[in-house]
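Thanks for coming. I have one structure for today, and I will go from the overall picture to the side chains.

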Amino acid sequence: MLFNFCAEYDRMIRQANGEVVHDNLQRYRVLKEMEPEMDRRYAAGEIKEHKYREYKATLKKCEELLGGD
């Protein structure tokens, strides 16, 4: 909980200084919501393997940033 508070405080300070800061939780939620569709499209051959792996790596990185497994 303290880590989340510190991360949010840092994000607010960076935004106040005019820096564009992405909301990692929102990004994660969007990526996670897309996961079933991305899996389906990859299985159907609509998405190339390197793009699918890139998507999965981004999702994993977001999970790690948020303290997931």
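What percentage of the contacts with a separation of 6 or more comes from residues 24 or more positions apart? In this chain, such residues account for 46% of those contacts. Please keep in mind that this is a predicted model.

The chain contains three helices and zero strands, and its elements run α-α-α from the N terminus on. It has 69 residues, of which 14% count as buried.

Let me start with helix 3. It has 17 residues, and at 1.5 Å a residue these should span 24 Å. The end C-alpha atoms are 24 Å apart, which agrees with that expectation.

Which residues of helix 3 are buried? They are Y52, Y55, L59 and C62. Looking down the axis of helix 3, the buried residues fall within an arc of 90°, so they line one face of the helix. What does that face pack against? The buried residues of helix 3 pack against helix 2. On the other side of helix 3, R53 and K61 are exposed. Just after helix 3 comes G67, which takes a positive phi of about 85°.

Next, the charged side chains. As a reminder, side chains of opposite charge can pair when their charged atoms come close. How many salt bridges are there? The count comes to nine, and I will go through some of them.

One is between K56 and D39, with the closest N and O atoms 3.4 Å apart. This pair links distant parts of the chain, since K56 is in helix 3 (residues 49-65) and D39 is in helix 2, 17 residues apart. As for accessibility, K56 has a relative value of 26% and therefore counts as partly exposed. D39, with a relative accessible area of 29%, is partly exposed. Salt bridges that share partners join K32, E35, D39, K56 and E63 into one network.

Another salt bridge is formed by R40 with E37, where the closest N and O atoms are 2.8 Å apart. Both residues lie in helix 2 (residues 24-43), three residues apart, which is about one turn of the helix. R40 also meets E46 in a salt bridge, at 3.7 Å from N to O.

Why does R40 count as partly exposed? Its relative accessibility is 42%, and the partly exposed class lies between the buried limit of under 20% and the exposed limit of over 50%. E46, at 46% relative accessibility, counts as partly exposed.

Last, the surface of the nonpolar kind. Which residues form a nonpolar patch on the surface? They are Y9, M12 and I13, and together they have about 300 Å² of accessible area. M12 has its place in helix 1 (residues 2-16). With a relative accessibility of 45%, M12 counts as partly exposed.

To recap, this is a predicted model with three helices and zero strands. The buried residues of helix 3 line one face and pack against helix 2, while K56 and D39 form a salt bridge. That is what I have for today.

Notes:
Residues numbered from 1 in each chain as written. Predicted model: local features only at pLDDT ≥ 70, side-chain atom pairs only at ≥ 80, totals over all residues. Heavy atoms only, no water. Patch = residues over 30% accessible without salt bridge, like charges linked within 9 Å, V, L, I, M, F, W, Y side chains within 5 Å. Areas by Shrake-Rupley, 256 points an atom, 1.4 Å probe, with all protein chains shown as cover. Salt bridge = Lys/Arg side-chain N within 4 Å of Asp/Glu carboxyl O. Helix = DSSP H or I, 4+ residues; strand = E, 2+ residues; numbered from the N terminus. Buried < 20%, exposed > 50% of the residue type's maximum accessible area, 1.4 Å probe, protein only. Contact = heavy atoms within 4.5 Å. Expected span 1.5 Å × (residues − 1). Arc of directions from axis to C-beta.
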